[in-house]
Amino acid sequence: MKVYNVKKLVILAMLGSISYVLMVLNFPFPGLPPFLKIDFSDIPAIIAALIFGPVAGIIVELLKNVLDFVMIGSPTGVPVGHIANFVAGILFVLPTYYIFKKLNSKHGMTIALVTGTIIMSLLMSVLNYYVILPAYTLFMNWDALSSQETRQFVTTAILPFNILKGGLITIVFTLLYIRMKTWIHKQALSHNA
């Protein structure tokens, strides 16, 4: 039993580290504000969730953001962006995991990833409108945005960014899943036995 727990912790730590490296290898997308950067750091969290369950996906998302905050810091001094990234990751990974567990097929994985993208994009738009953008303006000491400006920013930048990021992760993970499907299922079976 202890060997299993140590192996699980090592795998989660490795996936969290890989997720952090993928987070650092981010890039801006033309047409979107430069501080909204695309990365593929949610992929290791999805793999962790598929192998060990949803809590493992959350742990990988947490490890990635804690590592990034410790290593790079935050322009606000408070990890507002890291909290937003953590929440976005959870809102993407959990629906993907639960829907895939219901459908459990290659086609089901695509449906799960697309649904995860939609849920994450919509809920992050709401959270950005009510919580994240006001927190940034507070901690960065910026002038508060009006309701109209906030709504426009969310609909023209935040929502398209999250849809684009989720779509790119869906494409990349689908290609990886085709190659890794047998290994992921074998790992999940051995860890759930």
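These are my notes on the salt bridges in this structure.

**Entry 1: the count.** I'm working with a predicted model here. My opening question was: how many salt bridges does the structure hold? I found 3.

**Entry 2: Lys165 and Asp39.** I looked up this pair and found their side chains meeting in a salt bridge, at 3.7 Å from N to O. Where do the two residues sit? Lys165 belongs to helix H6, which runs over residues 147–192. Asp39 is in the loop between strand E2 (37–38) and helix H2 (42–52). They are 126 residues apart, so I noted this pair as a link between distant parts of the chain.

**Entry 3: Lys64 and Asp42.** Next I looked at Lys64, whose side chain meets that of Asp42 in a salt bridge (3.1 Å, N to O). Here too the pair links distant parts of the chain: Lys64 lies in helix H3 (residues 54–71) and Asp42 in helix H2, 22 residues apart. I wrote down Lys64 as buried, and Asp42 likewise.

**Entry 4: Glu61 and Lys64.** Why are the two about one helical turn from each other? Because they are 3 residues apart in helix H3. Both Glu61 and Lys64 are buried.

**Entry 5: joining them up.** Which residues do shared partners tie together? I get one network of salt bridges, made of Asp42, Glu61 and Lys64.

Definitions and conventions
Residues numbered from 1 in each chain as written. Predicted model: local features only at pLDDT ≥ 70, side-chain atom pairs only at ≥ 80, totals over all residues. Heavy atoms only, no water. Salt bridge = Lys/Arg side-chain N within 4 Å of Asp/Glu carboxyl O. Helix = DSSP H or I, 4+ residues; strand = E, 2+ residues; numbered from the N terminus. Buried < 20%, exposed > 50% of the residue type's maximum accessible area, 1.4 Å probe, protein only.
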